[in-house]
Amino acid sequence: MALCVLLLLLVIAATATTVSAIDHIVGANKGWTPGVNYTLWSNNQTFHADDFISFRYQKTEHNVLQVNKMGYDSCTIEGALGNWSSGKDFIKLDRSKRYYFICGIGGCSNGMKVSVLVHPLSQSPPPRSAVSAVHSSEKSAAPVTVGGLDSLVLVGFMVFVCCWI
């Protein structure tokens, strides 16, 4: 019986996935608006694959476009790779590369553009029992369970049945 309990604890520990994602709020408390040095802001952040970048702005005045380097340098929206306009846009940085974002409603020429370099995930993240979503402007963690309760219950049930057979 003690072996079954130990096995169950090991299965639970093994199924607790560890991932850490950060939501980088562009411009921190100033948001996505003219007059902010987004290059300085970006240089003070460390972006990793699967982090989020979020833009907060007046949706009637601005938007967010993902563009290539040429679009970023020249503030052109032709061939935009993504377009967001909700005023609270959360964009997943899903791979390691450089991303370019601009405001497509005239704000780019007033400095509303940001380039971020996303690094790959480290090979061995520090062990945790839950996902931790951290807002880079607030540095507060909100734990979230990964894998769902369904899979944990199923695995636990399977171990329980195996122990009693």
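**Strand pairing and selected residues in a predicted model**

Q: Which residue of β7 does L65 stand opposite?
A: In this predicted model, strand β4 (residues 64-67) and β7 pair in the antiparallel sense over three bridges. Within β7, the residue that L65 stands opposite is I102.

Q: How many bridges join β7 to strand β8?
A: Strand β8 spans residues 113-119 and runs antiparallel to β7. Between these strands, I102 stands opposite K113 in β8. The number of bridges joining β7 to β8 is five.

Q: How many of the five residues of β7 are buried?
A: Strand β7 covers residues 98-102. This strand is mostly covered, and the number of its residues that are buried is four.

Q: Is S54 buried or exposed?
A: S54 lies in strand β3, which comprises residues 51-56. Its relative accessible area is 0%. Buried means under 20% relative accessible area. Because S54 has a value of 0%, this residue is buried.

Q: With the side chain of which residue does the side chain of S54 make a polar contact?
A: Leaving aside neighbours within four places in sequence, S54 is in contact with D23, H24, I25, V26, D89 and F90. The side chain of S54 makes a polar contact, at 2.9 Å, with the side chain of D23.

Q: What separates the C-alpha atoms of K69 and R98?
A: K69 lies in helix α3 (residues 69-74) and is partly exposed, with a relative accessible area of 46%. Its side chain makes a polar contact with the side chain of D73 (2.8 Å). K69 and R98 are 29 residues apart along the chain, and their C-alpha atoms are separated by 8.9 Å.

Methods: Residues numbered from 1 in each chain as written. Predicted model: local features only at pLDDT ≥ 70, side-chain atom pairs only at ≥ 80, totals over all residues. Heavy atoms only, no water. Helix = DSSP H or I, 4+ residues; strand = E, 2+ residues; numbered from the N terminus. Buried < 20%, exposed > 50% of the residue type's maximum accessible area, 1.4 Å probe, protein only. Polar contact = N/O pair within 3.5 Å; in protein donor to acceptor, adjacent residues only side chain to side chain. Contact = heavy atoms within 4.5 Å. Pairing = 2+ DSSP bridges.
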